[in-house]
Amino acid sequence: MVSVSAPAKVNLFLRILAREDSGYHQIETLFAALEFGDEVTVSLSGEGISLAVDGPHLGPDEENLAYRAAEEFLRCAGREVGIQIQLAKRIPPRGGLGGGSSDAGAVLRALDALLPGWVSPGDLHEVANRLGSDAAFFLSPSPLALAWGRGDRILALPPLPRVPVVLSIPPVGVSTPEAYRMLGEGTTPGGPTPATAAWAVEDFSSWQRVGEKAHNDFEGVVVAGHPLLAPLRRALAESGPILSLLSGSGATLFAIFETDDLAEAAIDQLVPDFPGTRFVLTHTLTQVEDPSPVPGVEG
């Protein structure tokens with residue numbers, strides 16, 4: 001039995017490019033993993049795949065990305081074994097924080113540790129790609145990475161120093177398909193490719209330089225489409241962060257600060273004006289943890 005952290009992520013930069021004939025969009029993004037996240041415990045016992053969730057109801061087990069990750073792992077391996085998954089769910093669904101994809105990545109990492117050699121690294125990456133555009137990032141050896149294509153092409157970057165992050169989680173959710181529908185004609189077919197993109201690796205060498213490039217193509221339409229988000233977005237930007245942005249397709253807004261004191265002061269300032277919004281103080285990750293055995297438990 002092993003336990004694996006499934007960290008939330010934020011997008012420090014996100015640009016939506018051309019739409020493929022398949023319906024998928026090309027993207028360019030900079031992912032950063034956070035200390036805040038879910039916890040996944042995987043054991044090998046029984047028959048078939050079972051999933052127990054401690055947290056909000058997430059729909060049928062068979063549609064959960066953690067369950068599907070185990071299913072795809074076994075399909076790729078061409079073998080059968082009983083898998084039990086326990087998921088402590090903290091990342092809100094439809095929040096742009098990559099919770100489902102992170103859970104899937106955690107399951108794949110756990111199974112790779114429990115069943116070494118059953119699936120090659122390349123095949124494991126392909127399995128992740130089939131599960132979602134963010135899932136490949138959660139197999140990355142670094143908590144900071146550039147991604148492009150469908151999010152499946154990953155360039156791991158040296159982690160930046162640990163800094164506080166305030167997550168502003170409003171009482172609304174935005175699904176990725178909904179965000180793309182809202183974006184609509186704002187997506188420009190034939191947009192720039194990674195080779196001609198408006199960034200270079202050097203742009204992400206410090207938090208100050210990241211702040212200069214921070215951008216999310218979804219932000220304008222998602223904020224405009226949800227009246228609660230506009231005043232929250234303004235207040236967050238005025239609270240003194242290095243940067244503030246919508247994460248992914250929303251609806252979570254986040255801000256990165258230089259110190260914990262500044263982040264805590266921002267939360268104290270924001271809470272009275274946004275009573276329905278949940279504020280979480282977390283930090284950026286500086287390393288990806290390996291799956292760890294659960295003490296006193298074998299299997």
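Reader: Let's begin with charge. Which residues gather in a patch of negative charge on the surface?
Author: D260, D261, E264 and D268 do. This is a predicted model, by the way.

Reader: Where is D268 found?
Author: In helix α8, which covers residues 260-270.

Reader: Is D268 buried or exposed?
Author: Exposed. D268 has a relative accessible area of 58%, and the cut-off for exposed is over 50%.

Reader: On to salt bridges. How many are there?
Author: The count comes to 9 salt bridges.

Reader: Take D134. What does D134 form a salt bridge with?
Author: With K9. Their closest N and O atoms are 3.8 Å apart.

Reader: Which parts does that pair tie together?
Author: D134 sits in the loop between α3 (121-131) and β5 (144-149). K9 belongs to strand β1, residues 2-19.

Reader: Are D134 and K9 buried or exposed?
Author: Both D134 and K9 are buried.

Reader: And E35? What is the partner there?
Author: R162. In that salt bridge the closest N and O atoms are 2.7 Å apart. This pair also links distant parts of the chain. E35 is in strand β2 (residues 25-44), and R162 is in the loop between β6 (153-156) and β7 (164-169). They are 127 residues apart.

Reader: How do E35 and R162 count for accessibility?
Author: E35 counts as partly exposed, at 39% relative accessibility. R162 counts as partly exposed too, at 47%.

Reader: What about R75? Which residue does R75 form a salt bridge with?
Author: E72. The closest N and O atoms are 2.6 Å apart.

Reader: Where do R75 and E72 lie, and what separates them?
Author: Both are in helix α1, residues 65-77. They are 3 residues apart, so about one helical turn separates them.

Reader: Which residues are linked in a network of salt bridges?
Author: D38, K89 and D103 are linked that way.

Reader: New topic: rings. How many aromatic pairs does a search of the whole structure find?
Author: It finds 3 aromatic pairs. One of them is F31 with F137. Their ring centres are 4.7 Å apart.

Reader: Why is that pair stacked?
Author: The planes of F31 and F137 are at 25°, and planes under 30 degrees apart count as stacked, so this pair does.

Reader: Which parts does the F31 and F137 pair tie together?
Author: F31 lies in strand β2 and F137 in the loop between α3 and β5. The pair ties together parts that are 106 residues apart in sequence.

Reader: Which residues form the aromatic cluster?
Author: F31, F137 and F138 form one cluster.

Reader: Last stop: A237. Where is A237 found?
Author: In helix α7, residues 229-237. A237 is partly exposed, with a relative accessible area of 40%.

Reader: How far apart are A237 and F254?
Author: They are 17 residues apart in sequence. In space, A237 and F254 are 9.3 Å apart, C-alpha to C-alpha.

Key. Residues numbered from 1 in each chain as written. Predicted model: local features only at pLDDT ≥ 70, side-chain atom pairs only at ≥ 80, totals over all residues. Heavy atoms only, no water. Patch = residues over 30% accessible without salt bridge, like charges linked within 9 Å, V, L, I, M, F, W, Y side chains within 5 Å. Areas by Shrake-Rupley, 256 points an atom, 1.4 Å probe, with all protein chains shown as cover. Salt bridge = Lys/Arg side-chain N within 4 Å of Asp/Glu carboxyl O. Lys, Arg positive; Asp, Glu negative; His and termini not counted. Charge placed at Lys NZ, Arg CZ, Asp CG, Glu CD. Helix = DSSP H or I, 4+ residues; strand = E, 2+ residues; numbered from the N terminus. Buried < 20%, exposed > 50% of the residue type's maximum accessible area, 1.4 Å probe, protein only. Phe/Tyr/Trp six-rings, centres within 6.5 Å; stacked < 30°, edge-to-face > 60°.
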